[in-house]
Amino acid sequence: MRSPLSLLGRRLLYFIEAVDSDRKETGMRAIIFKATGLFQYDVVNHFAEELGQGLVELGWKVDFIETNQSKESLSKHTVSVIHQGVDVAFHFNGFMVRDINGTNQVMTCLRECGIPMGIIFVDHPFHHITRIYDVDPQHVFMCFYETSFLNSFEKFINRNIPIAQLMHGASMSRNQAGAFDGGPVMHKERDIIFAGTIGKPTEFDETLASIGEPLFQSIMTEVYEKARGRYHKPLDDYLEEVLSQKKISTEIIKNSEPVSRFIAQTMAAMDKSLRQQ
């Protein structure tokens, strides 16, 4: 279920299904949860900080809450901000669904207070299938930056959760003194940098071997063989091609949570293996 988008600052997009008009007049407030040390090279925290900056530029009040603290401090900080009136909360990649210092309790608190939670994914949904299925869908919406990611969610994941496209924005270069937007900037040594994570070479084979279902093993093997050496389009396209050849509807995957979870986990392992070739 896709929702319409609104412009958020110069860099970001977001949506909230409904906002009280009185809150608009008194000033909107958002919570953005960060998780220092949880993400690769801490890049996701930069996204979080610039999301907050974009909201502030629109006149919002923004509270950053670091989840890397004691359960008691995290709960106390969150409740304190909620008492000031909160319109929406954000976190990345669904990490708060897990019990990290009581983050799942914080999610429950936000839900009970009727505060919308935006979960922003920086990867394909297949890489976070467990969290997507484990999250309580009440008062939750999810954002992905790539159109094909939204297509995959709609085709293969059966969750009645609003989804939207939220594009990643670029940052201005900063010098060591922290100059930003108009100040002196440092010169780049490289124009484009691709960052990503790879898995061990045997990850896909090990995942495939754990299936124990010949039909799905056959499907995944064919997808892998088609993509190997021709990894120039989304794996989902190869998957649909194989399913079509076998006259299998994507609805069969979507309407069975165990099958959907398996397909997603196997495709994620395949993606990591193909990156190394």
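Start by selecting helix 8 (residues 214-227) and helix 9 (235-245): helix 8 passes helix 9 in a right-handed crossing. A crossing is called right-handed if the near helix is turned clockwise from the far one by less than a right angle, and left-handed if anticlockwise. Helices here are DSSP runs of H or I with at least four residues, strands are runs of E with at least two, and both are numbered from the N terminus. You are looking at a predicted model, in which local features need pLDDT of at least 70 and side-chain atom pairs count only at pLDDT 80 or more, while totals for chains, interfaces and linings use all residues. Residues are numbered from 1 along each chain as its sequence is written, and side-chain values use heavy atoms, with hydrogens and water left out.

**Stop 1: helix 8 with helix 9**

Two packed helices are described by the angle between their axes and the distance between the axes. For helix 8 and helix 9, the axes come within 9 Å and cross at roughly 130°. Axes are lines fitted to C-alpha atoms, for helices over the stretch in contact, and angles run from 0 to 180 degrees between N-to-C directions. Helix 8 and helix 9 are therefore oblique to each other; under 35 degrees counts as roughly parallel, over 145 as roughly antiparallel, 65 to 115 as roughly perpendicular, and the rest as oblique.

Now show the side chains. On helix 8, pick Ile-219, Met-220, Glu-222, Val-223, Lys-226 and Ala-227; they meet Leu-235, Tyr-238, Leu-239, Glu-241, Val-242, Leu-243 and Gln-245 of helix 9. Contact means heavy atoms within 4.5 Å. Sorted by class, the contact of helix 8 with helix 9 has nine nonpolar, one polar and three charged residues. Ala, Val, Leu, Ile, Met, Phe, Trp, Tyr, Cys and Pro count as nonpolar, Asp, Glu, Lys and Arg as charged, and the others, Gly among them, as polar.

**Stop 2: helix 8 with helix 11**

Which residues of helix 8 meet helix 11? Select Phe-216, Met-220, Val-223, Tyr-224 and Ala-227, whose partners in helix 11 are Val-259, Phe-262, Ile-263, Thr-266, Met-267, Met-270 and Leu-274. By class, the contact of helix 8 with helix 11 has 11 nonpolar, one polar and no charged residues.

Next, find Ser-210 in the loop between helix 7 (203-209) and helix 8. Ser-210 is exposed, with a relative accessible area of 60%; buried means under 20%, exposed over 50%, and partly exposed in between (1.4 Å probe, protein chains only). The C-alpha atoms of Ser-210 and Thr-266 are separated by 10.0 Å, though the two residues are 56 apart along the chain.

**Stop 3: helix 6**

Move to helix 6 (residues 147-156) and colour its buried residues: Ser-148, Phe-149, Leu-150, Ser-152, Phe-153 and Phe-156. The elements that these buried residues pack against include helix 5 (129-134), strand 7 (140-144), helix 9 and helix 11.

**Stop 4**

Select Ile-120 in strand 6 (residues 117-121). Is Ile-120 buried or exposed? At 4% relative accessibility, Ile-120 counts as buried. Leaving out residues up to four places away in sequence, Ile-120 touches Leu-51, Phe-90, His-91, Phe-92, Asn-93, Cys-143 and Leu-166. Two of these deserve a click. Cys-143 counts as buried at 1% relative accessibility. Asn-93 sits in the loop between strand 5 (88-92) and helix 4, and has a positive phi of about 60° although it is not a glycine.

Another residue with such a phi is His-139, at about 65°, in the loop between helix 5 and strand 7. Most residues other than glycine have a negative phi.

**Stop 5: helix 3 with helix 4**

Finish at helix 3 (residues 71-82) and helix 4 (residues 103-112), packed at an angle of about 20° with their axes 10 Å apart. That makes helix 3 roughly parallel to helix 4. Lys-71, Leu-74, Thr-78 and Ile-82 of helix 3 make the contact with Thr-103, Gln-105, Val-106, Cys-109 and Leu-110 of helix 4.

Zoom out for the whole chain: 11 helices and eight strands.
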